[in-house]
Amino acid sequence: MKFIKEAKALIGREGNEFIQVEPWGHNALRVRATKYPKFTGNDHALDYVDSNETDIELDEHRAQIHNGKLRCVIDERGFMEFYSRETLILKEYYRSFSGANAHSPSLKLVARDFKSITGGDYKITVRFDANEKERIYGMGQYQQPHLNLKGCILELAQRNSQISIPFYISSLGYGFLWNNPGIGEATFGANYTQWISECSEEIDYWITADDTPKEIMKNFTEVTGRAPEFPDNALGLWQCKLRYRTQEEVLEVAREYKKRGIPLDVIVIDFFHWIRQGDWSFDPEYWPDPQAMLDELKEMGVRCMVSIWPTVDRKSVNFREIMDNGLCIRTERGSIQCFDFQGDTVIYDATNPEARKFIWKKAKENYFKYGIDMFWLDEAEPEYAAYDYDHFRHYAGPALKVGNQYPRDHAKAFFDGLREEGQTDIVNLLRSAWVGSQKYAALVWSGDILSNFEALRDQLSAGLNIGMAGIPWWVSDTGGFFGDITADHFNELLIRWFQFSTFCPVLRMHGDRGPHNIPNLSDLDYGGGFSPTGQPNELWSYGEEAYQIMKKYLDIRLGMKSYIKEIMKEASENGSPVIRTMFYEYPEDKRCWELNEQYMFGYKYLVAPVLYQGMTERTVYLPKGSWKDIHNGTIYSGKTEITVPCPLEIIPVFEKQ
């Protein structure tokens, strides 16, 4: 491979392949490779951050580039290795003659594999050697209990309850971003690590090395963005259910909270408050005076959020305009249909700037004018009737090539619109995200999940890992989404989940509560009255014992508002998650890298959620220092494991002294 230095970049060429390695932020390098004559110039998730710590060295056998604590060495065959200072942290995987120092050269496996798609771009595979002792965290949200992702195979695709954010932090002291929004797969195997993109023009990844996970996260969010400061008026209780069908139902609930003296920050109006999907407006039969509703809620100090889906029914008032102006996702074969839930629908294309302006214009005209300044951007993956990604095409390109960026662009539409209207306390709720969604005030929730203890355990891993992927604002449906209140275990599950949610970025009641025996308001197959609703889901809906326990934990959270505001501010300043793996705060403690059923709520509170049905005691590991049980005031010395009681009314929580 031949090398040249061009400005601050190291350029290599071998045959038709070009490689470019350049500094990009602090202690970080961006690596690109292509077999096209030049790079696309698309930065995808990355904002450029300059560095003055760069040095490039060339000789006839190799080239190397330094940026602060990170160094990349490329030998004459194009084989790349990465070092943190003098420690090897990552190297490409070769089993071919071009990598003759590797064993089994007859396998003809190369690190950077471009497989031509006939008449088009490439299916790209990139491989790195594995380190069997390495631990891997981040990558977004996957419905599984594995906090350490070593050994996992992860689909790089958005689905309902699955969120692909291809960034991880390694226990070896580096962070890695696969800077590619295409559909693919990541494998963290024992033999090698492998990244696949089904359709791309170029390889593009970013790597940083630093001394602690917190410094790695700071470097990562410096180039991908950080969340704004979280609004003070959304730190308390969010009330939601499937679904408030009329404005009177909304007001009755808000009035009851006020009557009971329970502060309510946000009340949420779910789907089919409209006539048809894509109308993006209230059905006047059931919502005759939205302004009066909003005025009363405002007087009670309650913010109102409404659900907006990206789906557009063919009978919607906006369908023709969207189609005529090319503002929807297209299909590659057959009829243009994307989703078939309660209608024949297409999906507006968030990757199209004109489409983003269009949907915000409708939201402004039909919601914002009343004072609604929070939006629940459901279906934000977007959800397809079948996840056949090769069947869909966006303004920005085929879904196979760009599909994962959709939820980030969808968040941008509403963030930009609200900001242009002068709104400063912005937070919108989304069911999906991609790299950088955090900078568009995206509060991400974990999707439509089951109501059982297995799902609760999955949410702990999901919330911690998405925080390690740069998304600090995260929430799950308290009690799970699909649940029947007549199930023997349901109240226990709800209470345990509420206790966990108390020590999460947002505390939100939501769920589709069966049994579904409440008659619809209308016999029509459209409009705000035809879709079903679930059972009541307010704090007082589950009996006196559950009510008193949940109220107790809401009071605890309200008493922590100044602290929660502080850790939210830290997220906006350096990218730190709000709920954190134990090793994030204690990276020098090897035991903390092994813990997957306890976490830190910010820097001061250690939370040990109760994740198993019938559990009345559990073990907790306390790191160095002194720790106070918030319930009884007992002080414990750290660097030890203790067993503590956890009857139904107790979630073990310890305050660092």
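Modeller: Two strands pair if DSSP finds at least two bridges between them. Keep that in mind as we look at this predicted model.

Biologist: Which residue is the bridge partner of Leu430 in E29?

Modeller: Strand E28 covers residues 428–430, and strand E29 covers residues 442–445. They pair in the parallel sense over 3 bridges. For Leu430, the bridge partner in E29 is Val444.

Biologist: Nice! Which are the edge strands of the open sheet?

Modeller: The sheet has 8 strands, in the order E30-E29-E28-E25-E21-E20-E19-E32, with parallel pairing. An edge strand pairs on one side only. The edge strands here are E30 (474–475) and E32 (507–509).

Biologist: Which strands of the sheet does H9 touch?

Modeller: Helix H9 packs on the sheet, and its direction makes about 150° with that of E32. The strands touched by H9 are E30 and E32.

Biologist: Is H9 roughly parallel or roughly antiparallel to H10?

Modeller: The axes of H9 (residues 490–502) and H10 (residues 544–559) come within 9 Å and cross at roughly 5°. Angles under 35 degrees count as roughly parallel. So H9 is, relative to H10, roughly parallel.

Biologist: How many residues of the contact of H9 with H10 are nonpolar?

Modeller: Among them, H9 brings Leu494, Ile495 and Phe498, while H10 brings Ile549, Met550 and Leu554. The contact also has 4 polar residues and 1 charged. The nonpolar residues number 8.

Note on methods:
Residues numbered from 1 in each chain as written. Predicted model: local features only at pLDDT ≥ 70, side-chain atom pairs only at ≥ 80, totals over all residues. Heavy atoms only, no water. Axes fitted to C-alpha atoms, helices over the stretch in contact; angles between N-to-C directions. Helix = DSSP H or I, 4+ residues; strand = E, 2+ residues; numbered from the N terminus. Parallel < 35°, antiparallel > 145°, perpendicular 65-115°, else oblique. Contact = heavy atoms within 4.5 Å. Nonpolar A, V, L, I, M, F, W, Y, C, P; charged D, E, K, R; others polar.
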